[in-house]
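Here is a short report for a first look. Please keep the sequence and the 3D view open while reading.

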Amino acid sequence: MATPLSLYDNYTRSLRPFEPLAGSAGVGLYTCGPTVYDYQHVGNYRTFLFEDVLKRVLAWNGYAVRHVMNITDVGHLTSDADTGEDKMEKGARRTGKTAWEIAELYTAAFLEDLDRLNIDRPTILCKATDHIAEQIAFIADIEKNGFAYRTSDGVYFDTSRQPGYGHLARLDVKGLEAGRRVDLGEKRHPTDFALWKFSAPGEHRQMEWDSPWGRGFPGWHIECSAMAQKYLGDYFDIHCGGEDHIPVHHTNEIAQTEARCGTRLANFWLHGYFLLSNDAKMAKSAGEFLRLKALVDRGYDPLAYRYLCLTAHYRSQLNFTWEALDAAATGLERMRTGVYALRDAPAGEPDAAIKARFTAEINDDLNLPRALAVAWEALRGTLPDGVRRATLLAFDRVFGLRLADWAPRQEAVPPEIAALAEARLAARRAKDWSASDRLRAEIQAAGWEIEDGPAGYALKRRG
């Protein structure tokens, strides 16, 4: 009997058996996407890779997944306290482009990186700026239900109206109230947050809209509540993001949805932990950050980074070093080479016993490090070659390493070496073994190996 899937839900702080709310109708999954004011760094992609593996594990268990991801192209202020400049406006000023242009530029770069990492595209990729009407309607219902108030600079959510506010993060709301040391302005409580911000008098923003409360733009959190509800309903299966989303963004998403719909939005809340650089969180706010392109420019296959992320559980922090990436690249190369060496074996089926062990590991809250260990055991084992190949290619539906597509890089053969090889082939066909041996020796002396096969020969440079 297959091991059922269990996932760690941060809302209940427990490992829970997963069952889709709609049964065989499939799984509704919402994942927080990028704020497209700059390129994404490799730490961001660790979260997106965890979410991709989650989708693949759900598919492994036979579930169809409806995956919705947002693109934040407005409303994300430089401070979680609803202060500072909109990141899109700041990015536009930094680049000399319009906010709309940088949104298009960095969204395209994000999608290109997803493809490089073999991350499956979401079913629906929705932009905040395409859903202003839905956000306004959501805010209007929150206000009608008595959970919002107006100030001179916007419309705010009144967190005091929800006794359970902050449950996801286990916030000490009373402690925050008692220990507040900052000027709240017109906010009533430290945890209150903006639903709609007014454009400042005399300010011309590139991204602003009319609303029932005044011209301005939505707060960051409302976009996810509004778009998740539109595409997945009032209560769906799984919501994901990075661990930094727990205390503010996801906490506020839940508050908004409880105020409008009476639900906590998602049945499971899953969060990927940080990628660290020199034991510190990798973040764009630190100034320098590492893009995926930087890895490619240094000669790394992007899938080596994917392999590196598979070696740590998504709920544990992973320290990025070049030495760790080198080790991951070596591991990936060995796995690819091992699978490629089995390519001519008679076709087989995945081994049932090893497949069951693999399923038990990935269904234990996506334990990919242990699943990788099972894969290596299968590759190095004594099962028939065709069975080993079929088993590894089945596992790669979860790993996403493109094992079936890989082949050794073929170096261009110099014309003089190709001529020697053709002459040797002619000698072999004429059964002139003396000439064949002499020509092989000449090829080897020139630094090349020739391997004979049913279809002729193959040349490769000697190591």
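Predicted model: local features only at pLDDT ≥ 70, side-chain atom pairs only at ≥ 80, totals over all residues.

The sections below cover a sheet, its helices and some salt bridges.

An open sheet of four strands runs in the order β6-β7-β8-β9, and the pairing is antiparallel. Its edge strands are β6 (148-150) and β9 (216-218), each pairing on one side only. From one strand to the next, the twist averages 20°.

Strand β8 spans residues 193-198 and is joined to β9 by three bridges. Opposite Trp196 stands Pro218 in β9.

## Helices across the sheet

Helix α4 (residues 132-144) lies across β6, β7, β8 and β9. Its direction is at about 120° to β8. Helix α7 (residues 246-261) lies across β7 and β8. That helix runs at about 85° to β8.

## Salt bridges

Side chains of opposite charge can pair when their charged atoms come close. This structure holds 31 salt bridges.

Arg370 meets Glu361 in one of them, at 2.6 Å from N to O. Arg370 also meets Asp364, at 2.8 Å. Arg370 is partly exposed at 39% relative accessibility, and Asp364 is partly exposed at 28%. Glu361 is buried, at 18%.

## A link between helix and strand

Arg424 forms a salt bridge with Asp452, with the closest N and O atoms 2.9 Å apart. Arg424 lies in helix α14 and Asp452 in strand β15, so the pair ties together parts that are 28 residues apart in sequence. Arg424 is buried, with a relative accessible area of 3%, whereas Asp452 is partly exposed at 35%.

Elsewhere, salt bridges that share partners join Asp52, Arg56, Asp120 and Arg306 into one network.

Definitions and conventions:
Residues numbered from 1 in each chain as written. Heavy atoms only, no water. Pairing = 2+ DSSP bridges. Helix = DSSP H or I, 4+ residues; strand = E, 2+ residues; numbered from the N terminus. Axes fitted to C-alpha atoms, helices over the stretch in contact; angles between N-to-C directions. Contact = heavy atoms within 4.5 Å. Salt bridge = Lys/Arg side-chain N within 4 Å of Asp/Glu carboxyl O. Buried < 20%, exposed > 50% of the residue type's maximum accessible area, 1.4 Å probe, protein only.
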